[in-house]
Each structure stands twice: as C-alpha cells, then as structure tokens.
Amino acid sequence: MPGRLITFEGVEGCGKTTQLRLLANHLQRRGVPVVTTREPGGTPLGERVRELLLDPRIVPAPAAELFLFEAARAQVVAEVIVPALAAGTTVLADRFSDSSLAYQGGARGLPGEIVARLNELACGGLAPDRTLVFDLEVELAFGRARRRPSTTPENSRFEDEALAFHQAVAEAYRALARREPRRVAIVDARGTPEEVHERTRAAVADLFP
C-alpha cells in the first residue's frame, strides 16, 4: 500500500492532536506503518522556529509569520514527509499547508493566492491525500485551548489572540472544505474522544481498504 499524507487541521483546542494519536494507534494495529509529525516543528530546525512563533513576547508581522511557517514546512517536507511517503509509510501531520491558508490568509488577511504559491514552493507541489478539519464551536474550543496544561505563558501567542481571530480561522477552514470537498473533510468534533475517533476513521476509510 502506498504511503498516504493525512493532515489534521482546526482551530486551537478542537482536539485534532488527540485524534491524530488515536488514528495513529488504530492504523498501527492494522499493520499500517505510520509516522507522525507536527507544524511548526517535526525537525530540529522546525522546533526552533516553533519556539519563535509561539512566544507571545515576539510579534512578527503577518508576512514574517508566514515566511517562518513556510521555512519550517519546507524542512519537514524534505526531511520527514517525502522520505516517509517514498518508503510507503503513512504520514499523519498535526497541521500542514492549509493552516497558513486559514491563519495567515483567512485571519491575518494576507492574499490567499500568495499564501498558496508559497505553500506550493515549501511543499514542492506535495498535497495531502486527505485533510481533516475538526469543527467545533469556536468559543468552546477557545476555552479548551486556554485551559489545557500544554498552554503556558511561554507558548500562548495564538491562544492569546482575540475570539474574532479564531472565528476567522474557523470560517476559512469551512470555506476551504467547500472549495475542495474531495480532499478536505469536515469532522464534527463534538462529543467524547471515542465518538470523534469513529468519525475520523470514517473520513479516511476509503484510503485504507
């Protein structure tokens, strides 16, 4: 079976990281080789960039923010994703190129066509086989994100954004799903992790016959 690239997207606190872990475990139990990664991060360079991007004491201009994300993305594509796919391994990515369309395009207001062109450059033309957008009421997700133990004063720059910012991100993801319904699947993120996991499995079932 060829390697697949499945990306997990959504607003802060939507539960996508939990669902990535659950799907990875499910696929591994089925004998599917899996590699997981995250953005920004996934490589030594990317993790250093992550520290900069999440630090609330550093406020990059929107274009600078986009360039930093694309730099980390280019590195994880070259160092992790492409080699894994070439070896027939499925890659589950906690955020990928669609994050920039939603955050830097939809919420920061950068032109979508420019974001898309930089995505293409960073990804070398690679596109996900399936993008899962975990859709949850923004106010609920926002509250979760601010309360989770992993959110600290050193990494809360996006959690510190106003509610309107996160609402713009959510709408950008929904618009993306409307534009690309065959690739982008909206997953209802309400309910228990187990209930959402069942929906997640259903959304990728055709990729693993």
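Q: What makes up the lining of the largest cavity, and which elements each supply at least two of its residues?
A: Strand S4 and helix H7 (163–179) each supply at least two. The lining consists of Gly10, Val11, Val133, Phe134, Asp135, Leu136, Ala170, Tyr173 and Arg174. Helices (H or I, at least four residues) and strands (E, at least two) are DSSP runs, numbered from the N terminus. This is a predicted model, where local features need pLDDT of at least 70 and side-chain atom pairs pLDDT 80 or more, while totals for chains, interfaces and linings use all residues. Residues are numbered from 1 along each chain as its sequence is written, and side-chain values use heavy atoms, leaving out hydrogens and water.

Q: Why is one space called a cavity and another a pocket?
A: On a 1 Å grid over the protein atoms alone, a cavity is a set of points where a 1.4 Å probe fits but cannot get out, whereas a pocket is an open set with protein on both sides within 12 Å along at least five of seven lines; lining residues have an atom within 4 Å of a point. One cavity of 30 Å³ or more turns up here, and the largest cavity holds about 40 Å³.

Q: How big is the largest pocket, and what makes up its lining?
A: Its volume is about 740 Å³, meaning space filled by probe spheres set on points joined across faces, edges and corners. It has 30 lining residues, with Glu12, Lys16, Thr17, Arg50 and Arg148 nearest the centre. H1 gives the most, five residues.

Q: How do the residues lining the largest pocket divide by class?
A: You get seven nonpolar, twelve polar and eleven charged. Ala, Val, Leu, Ile, Met, Phe, Trp, Tyr, Cys and Pro count as nonpolar, Asp, Glu, Lys and Arg as charged, and the others, Gly among them, as polar.

Q: Which residues lie nearest the centre of the second largest pocket?
A: Ser97, Asp98, Asn119, Ala127 and Arg183, out of 13 lining residues. The volume is about 220 Å³, and H5 brings the largest share of the lining, four residues.

Q: What makes the Thr131–Arg183 side-chain pair a polar contact?
A: They come to 2.6 Å. A polar contact needs N or O atoms within 3.5 Å, and within protein one must be able to donate a hydrogen and the other to accept it; residues adjacent in sequence count only if both atoms are side-chain atoms. Thr131 and Thr7 side chains also qualify, at 2.8 Å.
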